[in-house]
Amino acid sequence: MDPATIIGIVLALGALFGMIQLEGVSIAGLLLPAPIILVFGATIGVGIAGTTIKDAILSFKKITRAFTGKVVPPQSVIDGVVSLAEKARSEGLLSLEQEAEKLDDPFMKGALQNIADGTDGEELRILLEDEMESRLAADRTASKFFMSLGGYAPTVGIVGTVVSLTHVLENLAEPDELGHMIAAAFVATLWGLLTANFLWLPLGARLKKLADLDELRMTLLMEGVLAVQAGSQPRLLGERLKAMVPTHALDGGDGKGGKAGKAKAGAKKGGDDQGLAA
């Protein structure tokens with residue numbers, strides 16, 4: 001598990017709490033039920049209004065993945081594909097069926113089984129590309145949902161502040177209470193900005209990043225198994241797959257999400273090179 005989301009949110013909340021302590025702000029004054037109910041309830045409500053119930057439920061189920069989603073190092077994927085290429089060259093393509101039974105990854109398992117069954121290379125590419133898109137769709141749907149909540153929340157907070165300020169104007173005859181009432185009015189704006197930037201937007205960005213990394217991983221697997229099917233030499237296959245990955249990702253960092261699409265495009269362009277001879 002990559003702890004980036006947990007560390008980031010804890011760090012952000014810690015900075016906020018530190019500011020509250022240094023400013024001497026009363027935490028009780030910020031935990032007002034009315035603005036919290038409005039910001040959370042209305043934000044989620046308008047978010048659901050902009051999508052479908054099914055997608056909204058799916059998105060909330062994906063919250064766990066945002067915190068616990070695994071990031072597979074590209075080098076590990078490449079090493080696995082090269083190992084399969086070596087086995088296929090020494091024992092034949094039918095041996096990949098035995099390897100498929102040992103795998104937990106449904107994408108890779110299905111690809112190897114299709115190769116062992118003698119599926120045509122072009123048909124297999126189309127099948128894997130379609131399967132890849134369908135697997136990525138759930139994370140991308142959830143990402144868009146939470147990003148939309150991040151856009152709605154600040155505006156909902158402003159609505160709450162306007163409503164509270166209207167109440168303030170109705171009580172101008174009580175000047176002793178105005179300061180407290182105005183301060184309470186801005187709590188709604190605070191919660192709108194807080195939930196957007198400390199919760200919804202990070203969740204959306206995290207799920208998008210995980211989808212991008214998954215796309216890169218599956219692209220490497222797809223191009224790798226297709227090259228294995230075409231009889232590519234293992235060492236050259238490994239070099240080719242490494243060329244599809246950002247350098248810093250091979251050094252142990254996370255690959256840039258945007259590189260996945262470029263890697264996929266580059267892989268298609270280099271499809272004719274799959275038949276590298278031994």
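This is a predicted model: local features need pLDDT of at least 70, side-chain atom pairs count only at pLDDT 80 or more; totals for chains, interfaces and linings use all residues.
Two residues are in contact when heavy atoms of theirs lie within 4.5 Å.

Take helix 10 and helix 11. Leu220, Glu223, Gly224, Ala227 and Val228 in helix 10 meet Leu237, Arg240 and Leu241 in helix 11. Sorted by class, this contact has 5 nonpolar, 1 polar and 2 charged residues. The two axes come within 11 Å and cross at roughly 155°. Angles over 145 degrees count as roughly antiparallel, and helix 10 and helix 11 are therefore roughly antiparallel to each other. Their crossing is right-handed.

Helix 3 (residues 53-61) and helix 8 (residues 121-169) are arranged otherwise: their axes come within 9 Å and cross at roughly 95°. That makes helix 3 roughly perpendicular to helix 8. On the helix 3 side, the contact involves Asp55, Ala56, Leu58, Ser59 and Phe60, which meet Ala138, Thr141, Ala142, Phe145 and Phe146 in helix 8. By class, there are 7 nonpolar, 2 polar and 1 charged residues in this contact.

Helix 5 (residues 74-91) can be checked for length. At 1.5 Å a residue, its 18 residues should span 26 Å, and the end C-alpha atoms are 26 Å apart, which agrees. Its buried residues are Pro74, Val77, Ile78, Val81, Val82, Leu84, Ala85, Lys87 and Ala88. What covers these buried residues includes helix 6 (96-102), helix 7 (106-116), helix 10 (187-229), helix 11 (234-243) and helix 12 (247-250). Helix 10 and helix 11, the antiparallel pair above, are thus part of the cover of helix 5. After helix 5 comes Gly92, with a positive phi near 95°.

Conventions: Residues are numbered from 1 along each chain as its sequence is written. Side-chain values use heavy atoms; hydrogens and water are left out. Axes are lines fitted to C-alpha atoms, for helices over the stretch in contact, and angles run from 0 to 180 degrees between N-to-C directions. Helices (H or I, at least four residues) and strands (E, at least two) are DSSP runs, numbered from the N terminus. Angles under 35 degrees count as roughly parallel, over 145 as roughly antiparallel, 65 to 115 as roughly perpendicular and the rest as oblique. Ala, Val, Leu, Ile, Met, Phe, Trp, Tyr, Cys and Pro count as nonpolar, Asp, Glu, Lys and Arg as charged, and the others, Gly among them, as polar. The expected span of a helix is 1.5 Å times one less than its number of residues. Buried means under 20% relative accessible area, exposed over 50%, partly exposed in between (1.4 Å probe, protein chains only). A crossing is left-handed if the near helix is turned anticlockwise from the far one by less than a right angle, and right-handed if clockwise.
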